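Take a walk through a protein model, one piece at a time. Keep the 3D view open and find each residue as it comes up.

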Amino acid sequence: MTLRLYDTSARQIRDFTPLAPGRVSIYLCGATVQAAPHIGHVRSGLNFDIMRRWLIHRGYDVTFVRNVTDIDDKIIAKSAERGRPWWAIGYANERAFDDAYTALGCLPPTYEPRATGHIPEMVEMMRELIDRGHAYAADGNVYFDVRSFPGYLSLSNQDLDDLRQPSGEGETGKRDPRDFAMWKAARPGEPSWETPWGPGRPGWHLECSAMAHKYLGRAFDIHGGGVDLVFPHHENEIAQSRAYGDDFAAYWLHNAWVTMSGEKMSKSLGNSVLVSEMVRQWRPIVLRYYLGTPHYRSMIEYSEEALGEAEAAFGRIEGFVQRAVERAGSVEPAAEVPEEFAAAMDDDFGVPQALAVVHTTVRQGNAALAEDDKDAVAGALADVRAMLGVLGLDPLDAHWAGGDSAGRGEELASVVDALVGLVLEQRQAARARRDYATADAIRDQLQRSGLVIEDTPSGPRWELGSRDAR
């Protein structure tokens with residue numbers, strides 16, 4: 001089946017044909033590092049991580065660029081508010097974003113450029129746009145003339161006559177209020193860089209156009225980001241880049257928000273949930289399941305109850321994997337995923353439908369366990385691991401099993417298993433002498449410690465319980 005994607009610019013699902021056979025190039029608008037990330041911030045990176053994994057599974061060589069916006073109005077405002085250098089605030093929050101992506105199992109990008117490292121490229125782009133009559137300098141600022149570009153607003157499908165372009169402080173000298181700033185003149189006490197039009201700093205839109213051009217060239221396959229970036233950010237990127245002479249992105253993919261009480265999760269609204277705090281309350285793999293398994297174009301309404309449901313659902317998958325390994329031993333992921341899973345992923349990255357195939361396979365595997373069919377158990381485990389690998393949710397992967405070393409995770413599991421085994425032997429001995437009070441007390445103590453004990457024909461077994469059980 002051909003991979004099909006919902007292209008925002010076409011407002012429909014299109015067959016995906018990469019510009020170069022066997023290769024896919026992706027530019028994702030990354031973090032603006034004025035603050036530490038909440039779960040709404042990282043959803044985009046996680047969604048595109050799953051997309052990237054599926055493209056790799058399909059045999060593509062993927063170049064994935066995710067930028068860092070390390071200078072903008074918000075960072076400067078934070079610097080003034082806290083009395084700290086802008087670069088110190090940016091760097092600390094950049095590290096926090098990296099930690100969040102890593103905690104949730106996202107693969108590192110091929111390149112992760114910072115805006116401030118690409119001022120020469122931005123100056124070159126502005127110079128060319130001025131020469132072509134698409135931009136002009138005024139009062140130390142450089143503006144893009146939106147009327148000079150006939151395709152302006154085609155992505156967001158707006159009417160230019162009705163446009164209200166956001167403007168910032170100090171944006172003087174515009175010929176048309178709808179023109180947008182590519183470069184902002186220096187103001188006292190703010191960071192600045194020298195240009196032929198005077199000292200200043202880049203506008204947000206120019207940063208991404210320059211970095212996409214540098215790392216992916218004049219044309220690339222997919223540009224991604226949150227749906228809130230369609231206008232003005234992505235619309236203005238398109239205008240700059242295409243007026244400069246680039247074909248720019250062939251497909252535009254946008255993920256939806258994480259909301260609380262129906263509103264976009266936002267620092268300014270005070271309704272955000274920091275990733276650093278969430279991973280203390282919930283296992284990171286559960287948080288990935290929660291954020292990554294809804295369709296990327298669907299809103300997620302945050303609630304503790306929904307996270308609890310995600311934990312229980314993933315627990316059923318994880319429980320099968322653990323029991324299957326006990327019965328069938330170490331089984332590598334299958335080379336190919338089931339056809340139904342592949343069809344779902346090829347249909348605009350239909351993760352919910354793909355996940356339904358995972359749960360069906362888990363049920364089949366549990367039935368095989370009940371029938372003690374070792375070969376069927378091994379087959380189901382191989383398929384489940386292959387599908388979970390695409391989703392970044394394989395609990396046996398080194399990232400989840402033991403950080404940087406799967407071996408250390410296996411050693412820890414072995415030690416815990418041995419210690420719990422000794423306690424279970426004491427419980428079995430109590431049951432054998434009909435001392436059920438002691439046996440029940442041991443079981444209850446283990447449960448209070450967060451373990452669930454199951455008596456099976458082959459003897460007792462244990463696993464970690466849900467959050468409620470702990």
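Begin at Gly-450, which follows helix H15 and has a positive phi, near 100°. Keep in mind that this is a predicted model.

Now step back into the helix itself. H15 covers residues 436–448, which makes 13 residues. From its first C-alpha to its last, H15 reaches 18 Å. That is close to the 18 Å expected at 1.5 Å a residue. Which residues of H15 are buried? They are Ala-439, Ile-442 and Leu-446. Look down the axis of H15: these buried residues fall within an arc of 60°, so they line one face of the helix. Ala-437 and Arg-448 are on the other side of H15, and they are exposed.

Next, turn to a sheet. Four strands form an open sheet in the order S5-S6-S7-S8, and their pairing is antiparallel. Strand S5 (135–138) and strand S8 (200–202) are the edge strands. Each of these two pairs on one side only. From one strand to the next, the twist averages 25°.

Cross the sheet strand by strand. S5 pairs with strand S6, residues 141–144, over four bridges in the antiparallel sense. Here Ala-135 has Phe-144 of S6 as its bridge partner. Phe-144 then leads onward, for its bridge partner in S7 is Phe-180. S6 and S7 run antiparallel and are joined by three bridges. Three bridges also join S7 to S8, again antiparallel.

Is strand S7 mostly covered or mostly open? Strand S7, residues 180–185, is mostly covered, with six of its six residues buried. Lys-184 is buried, with a relative accessible area of 14%. Its side chain meets that of Asp-73 in a salt bridge, 3.1 Å from N to O. Lys-184 lies in strand S7 and Asp-73 in helix H2 (residues 73–82), so this pair ties together parts that are 111 residues apart in sequence. Asp-73 is partly exposed, with a relative accessible area of 34%.

How many salt bridges are there? The count comes to 32. Arg-23 and Asp-61 form another of them, with their closest N and O atoms 2.9 Å apart. Arg-23 sits in strand S3 (residues 23–32) and Asp-61 in strand S4 (residues 61–69), so the pair ties together parts that are 38 residues apart in sequence. Arg-23 counts as partly exposed, at 48% relative accessibility. Asp-61 also counts as partly exposed, at 40%.

A further salt bridge links two loops. Asp-348 pairs with Arg-297, and the closest N and O atoms are 2.8 Å apart. Asp-348 lies in the loop between helix H10 (339–346) and helix H11 (351–370), and Arg-297 in the loop between helix H8 (284–292) and strand S13 (300–301), so the pair ties together parts that are 51 residues apart in sequence. Check how covered the two partners are. Asp-348 counts as buried, at 1% relative accessibility. Arg-297 counts as partly exposed, at 37%. Salt bridges can also share partners, and in this way Asp-73, Glu-171, Lys-174, Lys-184, Arg-187, Glu-190 and Arg-201 are joined into one network.

Last come the cysteines. A disulfide is a covalent bond between the sulfur atoms of two cysteines. How many disulfides does a search of the whole structure find? The search finds zero. Cys-29 is in no disulfide, and the nearest cysteine sulfur, in Cys-208, is 3.9 Å away. The cut-off for a disulfide is a pair of sulfur atoms within 2.5 Å. Cys-29 counts as buried, at 10% relative accessibility. Cys-106 is buried, with a relative accessible area of 11%.

Key
Residues numbered from 1 in each chain as written. Predicted model: local features only at pLDDT ≥ 70, side-chain atom pairs only at ≥ 80, totals over all residues. Heavy atoms only, no water. Pairing = 2+ DSSP bridges. Axes fitted to C-alpha atoms, helices over the stretch in contact; angles between N-to-C directions. Expected span 1.5 Å × (residues − 1). Buried < 20%, exposed > 50% of the residue type's maximum accessible area, 1.4 Å probe, protein only. Arc of directions from axis to C-beta. Salt bridge = Lys/Arg side-chain N within 4 Å of Asp/Glu carboxyl O.
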